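Visitor: Can you take me through a pocket and a helix pair in this one?
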Amino acid sequence: MYASVGHGGASGYLALMVLFGVSPILMKPSALILNIIVSAISFAMYYRSGHFNWKILLPFILLSIPLSFLGARITIDAHTYKIILGICLLIATLRILGVFGAASFKDTREVKFIPAMLIGGVLGFVSGMIGIGGGILLSPVLLLLKWSDMKQTAAVSAAFIFVNSVSGIIGAASSHQSFSPEIYAWVSAAVVGGSIGAFYGSAKFNYSVLKYILSAVLIFASTKLFIG
């Protein structure tokens with residue numbers, strides 16, 4: 001589902017970990033590992049389809065990569081972590097439901113370098129701190145500011161997620177954060193699902209039913225985070 005729109009799936013993985021009672025200590029590194037794999041698959045598919053533009057990505061990653069590393073090194077208390085994650089899951093839900101809309105190619109504008117760099121830095125830091133790649137937060141920005149169309153947004157988001165997740169996992173490892181023991185099984189499932197989703201998403205894929213199912217899961221998980 002996430003790979004079909006150029007995302008790594010961290011918000012979905014984290015939502016499921018919340019629902020199944022995975023320890024918050026294990027959640028961030030585990031989600032980042034899955035993110036790296038699925039976003040790489042998604043990026044490769046969108047790149048091959050000719051939708052990637054380096055000029056859009058570059059300003060966003062200049063600050064996001066180092067700040068994602070720093071954010072991942074920070075261990076926040078469980079309550080604060082749940083609140084921040086809950087907010088990000090709600091944003092993810094709105095993105096999946098199409099609240100932010102989609103820009104057509106004719107509507108797109110040139111990316112403004114300095115604002116994009118600052119936005120990337122903020123998203124990178126938040127992403128590293130809670131264990132997501134940041135694509136679910138970046139794509140609404142790209143679409144709302146009309147800096148890219150839907151397919152370009154998917155391709156750029158996938159690349160953004162990959163580099164931030166790699167930086168984040170290095171930061172998490174340097175502060176001795178560990179993965180879930182089930183990570184290998186999760187990786188196997190993510191590779192299969194990510195490959196299928198990225199293949200259809202980079203071409204043409206109608207996922208109207210799936211998006212409502214996934215949105216329901218995200219809303220339920222975010223509610224569970226807010227109410228404890």
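This is a predicted model: local features need pLDDT of at least 70, side-chain atom pairs count only at pLDDT 80 or more; totals for chains, interfaces and linings use all residues.
Visitor: How much space lies in the second largest pocket?
Guide: About 190 Å³. A pocket is an open set of points on a 1 Å grid over the protein atoms alone, where a 1.4 Å probe fits, with protein on both sides within 12 Å along at least five of seven lines. The volume is the space filled by probe spheres set on the points.
Visitor: Which residues line the second largest pocket?
Guide: P24, I25, K28, I74, T75, I76, D77, A78, Y81, M129 and Q177 (lining means an atom within 4 Å of a point). Two or more come from each of α2 (24–48) and α4 (78–96), helices being DSSP runs of H or I with at least four residues. α2 gives the most, with 3 residues.
Visitor: Now α4 and α5, what angle do the axes cross at?
Guide: Roughly 120 degrees, with the axes of α4 and α5 (residues 113–130) coming within 10 Å. Axes are lines fitted to C-alpha atoms over the stretch in contact, and angles run from 0 to 180 degrees between N-to-C directions.
Visitor: Which residues make the contact?
Guide: Y81, I84 and C88 of α4 meet V126, M129 and I130 of α5, contact meaning heavy atoms within 4.5 Å.

Conventions: Residues are numbered from 1 along each chain as its sequence is written. Side-chain values use heavy atoms; hydrogens and water are left out.
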